[in-house]
Amino acid sequence: MPRPIWKGAISFGLVNVPVALFPAESRDTLRFRQLDRSTLSPVREQRVNEQTGREVAWADIVKGYEYEPTHFVVVSDEELETLDPRASHTIAIETFVAAAEIDPQYYDRPYYVAPTRGGEKGYALLREALKRSDRVAIAKVVIRTKEYLAAVVPVGKLLLLELLRYAHELRDSADLEIPDTDLEALGVKDKELVLAEQLIAAMVEPWRPEQYRDGYRDDILDLVRRKVEAAPPPTPPPESDETAPAQVIDIMSLLKESVRRWQDERTAAAPPTFGSTAARLHEE
């Protein structure tokens, strides 16, 4: 069993259903580290004062909100703590709306909702009531230290908690140049629309999300694999004297080399003998 990130209850009316939340997504984003080109060592980012260029210690850093360009107001951790919503451990349902009324752009992040001990009946009751009425529940929930707007949505046997974006988090689309719905003014003919509908019908197939893959991510991983396989094996770091294995010393070779060097040195230092002098004069 995965570990829940939250435990509490769904509250609607006087009914409380004990539940737990589990992450429903795994955002597998590939990340690259910044390296020094010459040594391939990771580069550490520093906290630098933009005016002085000097590094700032963690102890000297405070939070500031930029209310105007280059104008800040400092907010302390203690002040923020007084504003933190209290963790009520309740998914407090405030209203119910038709499922089709919520635009997809408001959905942000999904969580699986599972009943805990004693919550099975209430869980099934809420799930089936939402299905039959084609409604979703709009609720408030505090996860960790932040309050979220959420929708409780029935999906098969499961209840899904979808965190919702607030209206102010969505950009206004009024400035975009979007074609009007007057198809005749746009020159769209009925025959063209019929053919477009026929094409859509011909391309309809069951939704199988597992058949779609992130091709760019797969290409990056394949590139990394090929580079790793082509690279020479890394040189192991030098071991300390305490853990270094004992070296096998070829004493015979050392003895032979020592004798050779000793003989060469003795020959070079010895005075020439009569025989060698005579032979040198004969050669001259």
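A salt bridge is counted where a side-chain nitrogen of Lys or Arg lies within 4 Å of a carboxyl oxygen of Asp or Glu. By this rule, the side chains of E229 and R225 form such a pair, with a separation of 3.2 Å from N to O. The structure described here is a predicted model, in which local features need pLDDT of at least 70 and side-chain atom pairs count only at pLDDT 80 or more, whereas totals for chains, interfaces and linings use all residues. Residues are numbered from 1 along each chain as its sequence is written, and side-chain values use heavy atoms, with hydrogens and water left out.

The confidence of the predictor in each residue is expressed as pLDDT, on a scale from 0 to 100. The chain averages a pLDDT of 82, and 82% of the residues score at least 70. Among the elements of the chain, β9 has the highest mean pLDDT, 96, while helix α7 (residues 274-283) has the lowest, 42. Over residues 273-284 the pLDDT stays under 50, and for this stretch the model has 1 contact beyond four places in sequence, a contact being defined by heavy atoms within 4.5 Å.

The secondary structure of the chain comes to 7 helices and 9 strands; these are DSSP runs numbered from the N terminus, with helices (H or I) of at least four residues and strands (E) of at least two. Of the contacts with a separation of 6 or more, 59% are between residues 24 or more positions apart. Of the 284 residues of the chain, 15% count as buried, where buried means under 20% relative accessible area, exposed means over 50%, and partly exposed lies in between (1.4 Å probe, protein chains only). The chain exposes about 24,500 Å², of which carbon and sulfur atoms supply 55%; accessible areas come from the Shrake-Rupley method with a 1.4 Å probe, and for residues only the protein chains shown count as cover.

In soluble globular proteins, nonpolar side chains tend to be buried together. A nonpolar core is taken as a set of buried Ala, Val, Leu, Ile, Met, Phe, Trp, Tyr and Cys residues joined through side-chain atoms within 4.5 Å. The largest such core has 22 residues, and those with the most contacts inside it are I10, I91 and L161. The elements that give two or more residues to this core include β1 (6-12), β5 (90-98), helix α2 (120-133) and β7 (135-143), and the largest share, 4 residues, comes from β7. Beyond four places in sequence, the residues touched by I91 include W6, I10, V19, V141 and L161. Apart from this core lies another, of 8 residues, among them I102, V136, V153 and L164.

L164 lies in strand β9 and is buried, with a relative accessible area of 8%. Its contacts beyond four places in sequence include Y106, Y107, I138 and L149. The C-alpha atoms of L164 and P110 are separated by 9.2 Å, although the two residues are 54 residues apart along the chain. In helix α2 is found R127, which is buried as well, with a relative accessible area of 15%; R127 touches P154, G156, K157, L158 and L159, not counting residues up to four places away in sequence.

Side chains of opposite charge can pair when their charged atoms come close. The count comes to 9 salt bridges. One of these joins K63 and D77, with the closest N and O atoms 2.7 Å apart; K63 lies in strand β3 and D77 in helix α1 (residues 77-83), so the pair ties together parts that are 14 residues apart in sequence. K63 is partly exposed, at 45% relative accessible area, and D77 is partly exposed at 41%. The pair of E229 and R225, by contrast, lies within helix α5 (residues 215-230), where the two residues are 4 residues apart, about one turn of the helix. E229 is exposed, with a relative accessible area of 56%, whereas R225 is partly exposed at 38%. D222, R225, R226 and E229 are linked in a network of salt bridges.

Two residues other than glycine have positive phi values. L40, with a phi of about 60°, is placed in the loop between β2 and β3 (63-68) and counts as exposed at 59% relative accessibility. D134, with a phi near 55°, is found in the loop between α2 and β7.
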